[in-house]
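Work through these exercises with the model open. Try each task before you read its solution.

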Amino acid sequence: MLNDFLCFFCFWHNEASQPGIEKNVFFYVELGLLFISTSKLHRTKLDGEGARIADYFDVIAGTSTGGLVTAMLTAPDVKNRPLFAAKEIKTFYMENSSKIFPQTCGMVGTAMKLLRATWGPRYDGKYLHNIIRKNLGNTRLHQTVTNVVIPTFDIKRLQPTIFSTYEVRNKKSLKDALLSDIIIGTSAAPTYLPPHYFTTEDSHGNMREFNLIDGGVAANNPALVAMGEVSKQVIKENPDFFPRKPMDYRRFLVISIGTGSSQGEDRYSAKLAKGWGVFGWLLSNGSTPLVDVFTQASADMVDIHISVAFQALHSKQNYLRIQDDMLTGTVASVDVATKENLENLVKVGESLLKKPVSRENLETGRVEPTDEGTNAQALVRFAKLLSAERRLRESRSPQTRFARSFSSI
């Protein structure tokens with residue numbers, strides 16, 4: 001779980017590029033609980049109160065809770081506008097987190113929690129499933145107001161299942177599932193929430209079944225998956241893109257927002273883990289070391305790859321990664337949904353705005369500050385680029401949606 005304000009200002013003015021330069025823009029949200037807090041960036045209002053994140057991004061991608069945020073920002077309302085404004089997501093999580101993750105108190109409560117984790121998922125997911133279905137209704141993947149990419153993992157097929165609007169927008173597909181089923185699937189974190197099963201059927205009676213768990217086991221940071229989806233569209237000569245090389249990332253403007261980690265806490269060590277068996281790797285001091293290792297490794301490998309690619313193309317300022325790797329205590333937890341902890345997460349997000357832009361040191365693996373200003377300043381720069389690109393696209397083609405360079409963000 002972490003803060004949300006990061007998504008917020010990106011959402012307020014996010015879109016494609018410097019004037020005259022066509023760029024594909026992505027917004028990525030990772031595993032955890034996000035909170036968007038009001039900031040000076042919110043009050044900038046470059047394009048008015050009616051502006052929405054989906055008006056600026058060619059693609060929004062999210063895994064786990066990031067998948068939920070992605071759906072909230074891109075699912076259409078009755079007027080075919082985004083169901084939620086970015087600033088409303090904070091309220092959603094503040095009001096519902098404690099019901100999604102009911103909290104137990106005292107030693108007895110802690111013991112019961114550990115017992116449940118031993119014999120089944122910690123939470124039954126019923127409240128989460130109900131509220132997702134209530135908000136998303138019968139909306140299907142192809143109906144999002146901008147392009148989305150949502151990774152999941154199918155435990156029956158033992159392979160990732162990527163839900164992408166590019167696959168279903170203009171042709172019938174068995175992957176054009178209800179958005180609610182996709183989100184329930186990508187948020188089914190092992191040991192925390194149960195896997196999700198559902199089927200789809202086409203007009204010819206062909207069926208496909210899905211047995212999904214959290215997409216974070218395959219793509220905790222979905223940035224590279226989304227970039228891959230766009231590259232495939234370039235290869236297919238999608239007319240929404242200017243001719244370019246599929247791997248020409250200089251044409252990409254990428255904002256990747258993580259939900260924090262506790263790398264700086266050094267919570268595990270070889271000395272501590274040398275005596276672990278199956279139980280130890282699955283449960284240690286209230287956390288799940290095996291899940292932590294896999295998800296963190298996945299996210300860091302993506303960050304390293306993208307950082308190297310953009311630096312090699314002399315376009316490092318086109319990639320902004322915002323992440324706090326120094327979380328400690330309950331703010332680093334996945335499911336501590338007390339009011340106090342949620343408020344602390346908002347504060348973490350607000351303070352992260354003031355921190356310098358950071359990049360991964362390719363040798364040490366640590367995220368280190370740069371001389372490129374603060375995250376807030378970087379986001380203001382991106383916001384101006386996105387707003388300018390939106391106006392540019394509108395001037396070129398007044399009958400199209402300029403918030404997306406192919407058929408949705």
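**Exercise 1.** Is aspartate 58 buried or exposed?

Solution. Start with the ground rules. This is a predicted model, where local features need pLDDT of at least 70, side-chain atom pairs count only at pLDDT 80 or more, and totals for chains, interfaces and linings use all residues. Residues are numbered from 1 along each chain as its sequence is written, and side-chain values use heavy atoms, with hydrogens and water left out.

Step 1: take the cut-offs. Buried means under 20% relative accessible area, exposed over 50%, and partly exposed in between (1.4 Å probe, protein chains only).
Step 2: apply them. Aspartate 58 has a relative accessible area of 0%, so it is buried.
Step 3: Aspartate 58 is in the loop between helix 2 (40-44) and strand 2 (59-62). Helices (H or I, at least four residues) and strands (E, at least two) are DSSP runs, numbered from the N terminus.
Step 4: look across the chain. Valine 230 is 172 residues away in sequence from aspartate 58, yet their C-alpha atoms are separated by 9.5 Å.

**Exercise 2.** Classify the ring pair of tryptophan 276 and tryptophan 281.

Solution. Step 1: recall the rule. Rings of Phe, Tyr and Trp (its six-membered ring) pair if their centres lie within 6.5 Å; planes under 30 degrees apart are stacked, over 60 edge-to-face, and the rest tilted.
Step 1: count. The structure has eight aromatic pairs.
Step 2: Tryptophan 276 is buried at 18% relative accessible area, whereas tryptophan 281 is partly exposed at 32%.
Step 3: take a second pair. Phenylalanine 92 and tyrosine 93 are also edge-to-face, at 5.5 Å centre to centre and 90° between the planes. Both phenylalanine 92 and tyrosine 93 are buried. With Phe84, they form one aromatic cluster.

**Exercise 3.** Describe how helix 4 packs against helix 6.

Solution. Two packed helices are described by the angle between their axes and the distance between the axes.
Step 1: read them. The axes of helix 4 (residues 86-100) and helix 6 (residues 126-136) come within 9 Å and cross at roughly 145°. Axes are lines fitted to C-alpha atoms, for helices over the stretch in contact, and angles run from 0 to 180 degrees between N-to-C directions.
Step 2: list the residues. Phe92, Asn96, Lys99 and Ile100 of helix 4 meet Tyr127, Leu128, Ile131 and Asn135 of helix 6. Contact means heavy atoms within 4.5 Å.
Step 3: find the cover. Buried residues of helix 6 include Leu128, His129 and Ile131. Their cover includes helix 3 (65-74), helix 4 and helix 8 (179-186).
Step 4: go past the end. Just after helix 6, glycine 137 has a positive phi of about 55°.
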